[in-house]
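Here are my notes on the model, point by point. Please keep the structure open while reading.

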Amino acid sequence: MSQAYKSAGVDVEAGYKAVELMKEHVKRTNIPGVISGIGGFGGLFEIGAGYQNPVLVSGTDGVGTKLKLAFVMDKHDTVGQDCVAMCVNDIACGGAKPLFFLDYIAVGKNVPERVANIVKGVADGCVQAGCALIGGETAEMPGFYAPDEYDLAGFSVGIVDKDKIIDGSRLEAGNVIIGVKSSGVHSNGYSLVRKIFRIDDSPECAKRMHEYSEELGMTIGEALLTPTKIYVKPLIAAIEATDVRAVSHITGGGFIENIPRMLKEGTRAKIEKNSFEVLPIFRMIQDLGHVSEQDMFNTYNMGIGLMFAVPADQADKAIAAVKNAGEEASVVGEITCGEKGVEIC
């Protein structure tokens, strides 16, 4: 062990311990195709048979300032799922199945147990997505991050046959839009959340976040820290059961920015805002922050974390497929002719 390096704030031994603690979580994510274990310089994954013209699809993202809330709550075993979800949900929008995931954790001080908790959340997300955690990096960066703070990002690679790519090109007027329920705020809009709920490093903030809310049925901190849903398996179930024409992951930018991303020129999306439940946490954000309805729909998922379009006569079958995969879905709108965009009415 380098005493000089340790005196500069980097504890190599803590790094070794963190790797040992996270191995049990990584092992849970092993799927066919994994060749290497963690500890090498690169993660190895073999693409199996069954693809005629395989196309690799990649996605990368982080958790963002939602991490500030994890610091306040001193709860670190769920943000990893957020990180995985933000990557694999995007990949699935193209019809791809995620194969593997890698994470990057940068810490001010390497506390092995905390790092292992972060990786537990990552592994939980990978298990839900059906992909493998084949590698990652933990960097101790004293002086760059505060001792009790960290950042978390990652990326994933998936696969789809070229002729099965979902890109919205077959979208038609009359197709219906299926919305799949979200778990809450997911991992977007937290700069506004932090402003509205006055989330900072103060003891008063920690006390507020641990207050039970009758409206939410849990503490405010628990509601805001609820991890992002992973839609991979429900979406794949719908794709296998029906003719899914287009998909949108409702992330930062809410309905207004994300729904048009699944449309082709000459089509519009008409969303009936009364067709789904706006979750209580969004009503609380809107009321406390005096946020306009337009801004809410332009920032948050409002209770629908994923949308996809199918022919109208396949709507019931699509909803049933999602339900059988463990999620709630309903018809929330339809595709019409017109200038590319979204109408919320």
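1. The sheet. Four strands form an open sheet in the order β1-β4-β2-β3, with mixed pairing. Its edge strands are β1 (54–62) and β3 (132–140), each pairing on one side only. Neighbouring strands are turned by 15 degrees against each other on average, direction ignored. Helices (H or I, at least four residues) and strands (E, at least two) are DSSP runs, numbered from the N terminus. Two strands pair if DSSP finds at least two bridges between them. Axes are lines fitted to C-alpha atoms, for helices over the stretch in contact; angles run from 0 to 180 degrees between N-to-C directions.

2. Basis. This is a predicted model: local features need pLDDT of at least 70, side-chain atom pairs count only at pLDDT 80 or more, and totals for chains, interfaces and linings use all residues. Residues are numbered from 1 along each chain as its sequence is written, and side-chain values use heavy atoms, with hydrogens and water left out.

3. Strand β4. β1 and β4 (residues 150–161) run antiparallel and are joined by nine bridges. Gly59 has Ser156 of β4 as its bridge partner. Gly62 stands opposite Ala153 in β4. β2 also pairs with β4 in the antiparallel sense, over 10 bridges. There, Phe100 is bridged to Val157 of β4. Why is β4 largely enclosed by the rest of the structure? Because nine of its 12 residues are buried (under 20% relative accessible area; exposed is over 50%, partly exposed in between; 1.4 Å probe, protein chains only).

4. Helices on the sheet. Helix α4 (residues 79–92) lies across β1, β2 (97–107) and β4, at about 30 degrees to β4. Helix α5 (residues 112–129) packs on the sheet and touches β2, β3 and β4. The direction of α5 makes about 165 degrees with that of β2. Contact means heavy atoms within 4.5 Å.

5. Ala129. This residue lies in helix α5. Is Ala129 buried or exposed? Ala129 is buried, with a relative accessible area of 3%. Leaving aside neighbours within four places in sequence, Ala129 is in contact with Val88, Ile230, Val232 and Lys233. Ala129 and Ile239 are 110 residues apart in sequence and 15 Å apart in space, C-alpha to C-alpha.

6. Tyr51. Tyr51 lies in the loop between α2 (12–27) and β1. At 32% relative accessibility, Tyr51 counts as partly exposed.
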